[in-house]
Each structure stands twice: as C-alpha cells, then as structure tokens.
2 protein chains.
Amino acid sequence: MQTVLDVAAMQSRAYRHKRQGESIALVPTMGALHEAHLKLVRRARSEASVVIVSIFVNPTQFGPKEDLDRYPRTLEADLRKLEALDVDYVFIPSAKQMYPEGFQTEVSLKYLPKHLCGLSRPTHFAGVATVVLKLFNICMPDTAVFGLKDYQQYRIIQQMIADLNLPIRIVGVPTVREEDGLAESSRNTYLSPEERKKAVAIAQALQRIEDAIVKHGKRDAGELIELGIRVIEDAGGRVDYVAVADPDTLDDLQQVQKRTLLAAAAFFGNTRLIDNRMVDLSETVEEKDAENR
Amino acid sequence: MQTVLDVAAMQSRAYRHKRQGESIALVPTMGALHEAHLKLVRRARSEASVVIVSIFVNPTQFGPKEDLDRYPRTLEADLRKLEALDVDYVFIPSAKQMYPEGFQTEVSLKYLPKHLCGLSRPTHFAGVATVVLKLFNICMPDTAVFGLKDYQQYRIIQQMIADLNLPIRIVGVPTVREEDGLAESSRNTYLSPEERKKAVAIAQALQRIEDAIVKHGKRDAGELIELGIRVIEDAGGRVDYVAVADPDTLDDLQQVQKRTLLAAAAFFGNTRLIDNRMVDLSETVEEKDAENR
C-alpha cells in the first residue's frame with residue numbers, strides 16, 4: 001500500500017495504471033474509518049485491479065458553524081485498516097494542494113441540493129460535488145464507491161456523472177448498522193453514552209414509517225412524517241427533517257409511491273445524524289407472494 | 001474524416017484511441033468556420049495524432065436577448081474545410097443529447113467572469129465552462145486549442161483546467177485579423193458593408209492605446225480607456241467596455257504594468273464585437289534593445 005500526499009504524484013500514478021489497461025476503483029472518504037467504510041473498500045476491491053482510498057476532510061463542504069475543526073482524525077488507525085484490506089493507494093492531499101491560491105471553480109446542481117440536508121446545509125453539496133470531481137480527475141477511477149447512508153450525496157454524484165459525461169460507474173453500498181439499528185457514522189463518536197442510546201430513534205422512526213406503509217397500508221406522507229417526528233422527539237432528539245420523497249428528484253411526495261425514499265436528520269445533543277430507507281412496494285408484494293407460496 | 005453525432009459514440013471512440021496510447025487534440029467550435037478556426041485546427045493537427053473538432057452552438061452560453069437563433073450555421077462548408085485539414089473526427093451533438101431532461105449541473109467560476117464580457121453577459125461563462133467540461137469528458141483530449149481573440153474565455157478554461165485537475169494542456173492561438181486589422185469572427189457576417197468598414201475601429205482603438213503606452217510612455221489607465229472609447233465612438237460604434245486589465249485576474253488596472261491586457265467590446269449596428277491585445281513592456285524593451293544593436 002502506497003501513501004500518496006501529492007496531487008500530481010497521485011494523478012501520474014493513476015494515469016500510468018490506465019495506460020496499462022488496468023481498472024481503478026476509488027473510495028472517497030474523510031477518514032475516521034469505521035466498518036461501513038471498510039465495506040465500501042471491500043466492494044471497491046472486488047470491482048477493479050487498482051483500489052484508491054482518498055482521505056480528505058474537505059473544508060468547503062462544512063458550513064461556518066459546523067464541525068470541521070472537531071471532525072475526528074484517526075489517520076494511523078485508518079491506514080492500518082486499509083493496509084489489511086489490500087488497498088493499493090491511500091491518497092491524502094492537503095487542503096492547500098486541493099485549493100491553491102486563486103482557486104475559484106465550483107460545480108453546483110440546480111435542483112437536487114434544494115431538498116433534505118441541502119435545506120439546512122445550503123453550501124454543502126456544491127462543496128461535495130466540486131471536491132469529488134477533483135478526486136475523479138486526479139484518481140481517474142472507472143468505478144466510484146459511495147455509501148447509501150448519504151443517499152442525497154450519492155444521488156447528486158450520480159447526476160453529476162451523467163450531466164458531465166464522466167466515464168465513471170457509481171456503486172452505492174447499503175448502509176451498515178450497529179446491532180440496535182443505528183446507522184454507522186464517523187459522527188457517532190461525538191455522542192455521549194446516553195445520547196448514543198437515544199440516537200437509535202432516528203433509525204426506529206424510519207422503520208416505523210416503513211412498517212406503517214408496508215404492514216398497515218398507510219400512504220399519506222403527512223401522517224407518516226408526523227409519526228417519524230413523534231418517534232424522534234419522544235426519544236429526546238431535535239428533528240431537522242423527516243421526509244417522504246421521490247428517490248430520483250428528492251421532491252416531497254404527498255402520497256407514498258412504488259419506490260419511496262424515507263429520510264431523516266436529527267440532533268442528539270449537538271450531534272446531527274442522518275439516516276434513510278428505501279421502500280419498494282413492488283418488491284414487498286413479490287416477497288409477500290413468495291411467503292404465501 | 002468521421003462525422004459523429006452521438007455522445008456515447010464519440011466518447012467510446014476517444015476512449016479507444018487513448019487506450020491505444022494515442023494523443024488527442026480538441027478544437028471546440030460553434031461552427032461558421034473561418035480562417036481563424038482553421039488556424040486552430042492546423043495547430044491541433046501539429047499537437048496530436050488524433051484531431052477532434054466539435055461543432056455545437058451551445059444554447060446555455062447565449063443570454064435571452066442574444067443571437068442564438070440567428071447565429072450563422074454553415075455546416076456543409078464547415079465539413080469541407082475540416083476535411084481538407086485532415087481532421088479525424090467532427091463531433092456534432094444535438095442540444096437534446098448534451099442537455100437531456102433533468103440536466104442540472106453547472107460549472108461556474110467565482111472571479112474571472114465578473115469582468116469584461118461577463119459584466120454584460122452574466123450567464124455566458126458558466127455556460128461556456130460547463131459545455132467545455134462536457135466536451136473534454138466526451139472527447140478526452142490531451143490538448144485543447146482555443147483562440148486568444150476570446151481571451152477571457154481562454155483564461156477561464158485555463159483556470160477551470162487547473163482548479164479541477166484536468167489532465168489537459170490548453171493552447172492559445174493568436175488572433176487572426178483581416179487586412180485592415182479587424183479580428184476574424186463568425187459574427188462579422190452580421191455586419192452591413194458600411195458597418196464592416198466602421199468595425200475596424202475596435203482594433204484601431206486597441207492599437208492606438210498600445211501605441212500610447214509603448215511609443216508615448218502613457219501609463220494612466222483612465223486616460224488610455226478614454227482614448228479607446230473616443231476612437232470607437234468617433235467611428236460610430238457603441239462601446240460596451242474598453243479595459244486595461246491584469247491578464248491573470250482580469251482586474252482593472254489603475255496603471256499599466258509589465259504585462260497588460262487591453263480589451264474592448266462594442267456594437268456596430270446590432271452586432272457586438274470583441275477584441276484584445278496583450279502589451280508586454282519587458283518584450284518591448286528587449287525588442288528595442290535588439291533594434292539598437
């Protein structure tokens with residue numbers, strides 16, 4: 001495993017692999033690696049002959065009052081974990097190399113960021129899209145692997161790839177959960193033991209909404225959102241949003257449709273956590289048919 | 001010479017050439033090809049083994065009151081000219097393929113477009129940057145060739161390439177001029193014979209400013225701009241701007257510096273024309289030294 005700190009060095013190595021006809025898979029991360037990241041890396045390992053993991057806590061995707069400064073940095077442990085997974089390159093650029101003096105180009109999307117997390121983090125997704133495009137151009141992946149826990153991010157990168165004609169396939173990996181159901185996140189380390197116990201409410205809220213849809217035939221989005229808010233608030237969480245949305249446009253739905261995204265963001269203490277579930281009613285019907293057989 | 005209408009077909013052909021270790025040069029155009037375009041193509045021919053010329057009248061870089069609908073289309077003549085120059089591919093995508101339903105990604109720059117033409121064409125350069133990035137991703141050039149007549153565009157693409165870490169070298173080709181000095185432009189065809197005669201004033205204005213700097217030692221930007229405006233207005237042109245600017249930032253200068261961009265835009269009739277000259281005082285001194293030897 002090679003650790004590469006320099007943008008030009010990473011790009012020339014990636015270029016050499018491409019010229020030799022090798023395929024590259026990239027896993028962009030902000031470090032503080034946990035089991036869900038490792039699942040992305042294993043998926044990347046199965047997709048390409050060369051695996052690059054980038055570790056970059058991208059300042060431009062944090063708002064002025066957000067947690068850039070206290071975002072967990074665990075580089076040594078991260079490198080050990082990646083070494084064990086047979087990663088070829090860990091790319092760790094500095095902010096100064098990524099954003100040199102005079103830097104001024106931004107990639108933004110018109111509609112997808114105007115939903116869900118984008119409403120309370122208005123500059124976040126332009127920061128994400130821009131840095132991911134830079135990482136794509138530096139690392140030249142054939143395949144890019146993202147976690148579906150950040151579904152809106154996944155959807156935005158997918159749209160950017162299509163809109164900009166990038167010759168890259170995006171792979172979304174299902175959310176990894178703790179035993180009680182809490183989605184894995186580097187930000188879970190911020191939680192006090194008490195907050196940690198309560199935080200599972202965000203996953204439970206979405207599970208309860210899914211049950212209301214699948215088991216109880218509920219279809220009215222307003223009613224479902226109220227249910228989700230109640231579950232989170234009853235546990236002592238402060239809701240940012242609970243949404244019932246179209247998975248492609250992220251537009252709010254009035255009624256549940258065949259494929260429906262359930263998404264939520266909430267604070268436990270000062271820690272903002274997100275989660276989502278996809279409800280696919282066509283699948284459910286088939287499963288039920290299968291059970292009945 | 002192959003004419004390619006389909007985005008995916010162009011991209012797979014470009015990809016194949018890259019995999020074979022060939023170099024690609026791209027000349028992005030809006031068609032209506034004249035001698036200055038052909039100079040770009042000849043330059044591209046000397047730079048790479050595969051030459052792609054794109055012809056796409058990009059709707060997103062025209063403002064609502066601009067000349068998108070009447071922009072000259074001369075495809076047959078264009079193809080004949082390119083055939084004669086040993087071009088490998090002419091890429092002619094449709095607007096529908098370039099901007100399919102749901103398209104929403106935009107590349108914008110924070111500072112460079114807030115000068116010169118960007119002031120009267122506020123959405124122009126985001127349209128240019130976005131379409132050029134798409135063309136880069138589709139055609140995968142090692143070298144991209146642009147005319148320096150559109151200096152601000154050249155500078156913006158150069159900055160975008162650096163900021164987004166695109167593995168592309170940009171080449172700027174000096175402006176081609178008619179016998180009287182008017183810069184070649186597809187929009188010159190809009191001019192009536194009388195307007196055509198007057199239009200040379202924009203080139204003359206910049207030449208007069210350069211003379212004032214080099215021969216008469218003038219340094220005050222305000223005075224030089226006034227001189228330029230007078231020359232254009234005396235010929236019956238309506239000035240959009242005459243600028244004395246830093247060639248890197250495009251910021252207005254108070255005083256001429258070692259390298260100074262002189263730029264102007266003006267209307268003759270309904271036709272908006274632009275032109276620029278670079279004044280390099282260090283070069284001039286050397287030339288004088290050479291003359292004195």
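In the predicted model described here, strands β8, β9 and β10 of chain A form an open sheet of 3 strands in the order β8-β9-β10, with antiparallel pairing, where helices (H or I, at least four residues) and strands (E, at least two) are DSSP runs numbered from the N terminus and two strands pair if DSSP finds at least two bridges between them. The edge strands are β8 (238-245) and β10 (271-280) of chain A, each of which pairs on one side only. Neighbouring strands of this sheet are turned by 10° against each other on average, direction ignored; axes are lines fitted to C-alpha atoms, for helices over the stretch in contact, and angles run from 0 to 180 degrees between N-to-C directions. Strand β9 (residues 259-268) of chain A is joined to β10(A) by 10 bridges, the two running antiparallel, and the bridge partner of A:L262 in β10(A) is A:R277.

Residues are numbered from 1 along each chain as its sequence is written, while chains are lettered from A and ligands numbered from 1 in the order in which they are written. Because the model is predicted, local features need pLDDT of at least 70 and side-chain atom pairs count only at pLDDT 80 or more, whereas totals for chains, interfaces and linings use all residues.

Helix α8(A) lies across β8, β9 and β10 of chain A and runs at about 20° to β10(A); residues are taken to be in contact if their C-beta atoms, placed from the backbone, lie within 7 Å. The axes of α8 (residues 193-214) and α9 (residues 221-234) of chain A come within 8 Å and cross at roughly 150°. The two helices are therefore roughly antiparallel to each other, a class that covers angles over 145 degrees, with those under 35 counted as roughly parallel, 65 to 115 as roughly perpendicular and the rest as oblique. Among the residues that make this contact are A:L206 and A:I209 of α8(A), together with A:L227 and A:V231 of α9(A). The contact residues divide into 11 nonpolar, 2 polar and 1 charged, with Ala, Val, Leu, Ile, Met, Phe, Trp, Tyr, Cys and Pro counted as nonpolar, Asp, Glu, Lys and Arg as charged, and the others, Gly among them, as polar.

In chain B, 6 strands form an open sheet in the order β1-β4-β3-β2-β6-β7 with parallel pairing. Strands β1 (2-4) and β7 (169-173) of chain B stand at the edges with a single partner strand each, so one side of each is left without a neighbour in the sheet. Strands β3 (residues 50-55) and β4 (residues 89-91) of chain B pair in the parallel sense over 3 bridges, and B:S54 stands opposite B:F91 in β4(B). Helix α7(B) lies across β6 (143-147) and β7 of chain B, running at about 170° to β7(B).

The contact between the chains takes 26 residues from chain B and 26 residues from chain A. On the side of chain B that touches chain A, the largest share, 5 residues, comes from β5(B). Strand β5 (residues 105-109) of chain A is joined to β5(B) by 5 bridges, and the two run antiparallel, with A:E106 standing opposite B:S108. A rotation of 180° with 0.0 Å of shift along its axis superposes chain B on chain A (RMSD 0.0 Å), by least squares on the C-alpha atoms of residues with pLDDT of at least 70 in both. That is the relation of a two-fold axis, and in chain B the C-alpha nearest the axis is that of B:V107, 2.3 Å from it.

Terms used:
Two residues are in contact if their C-beta atoms, placed from the backbone, lie within 7 Å.
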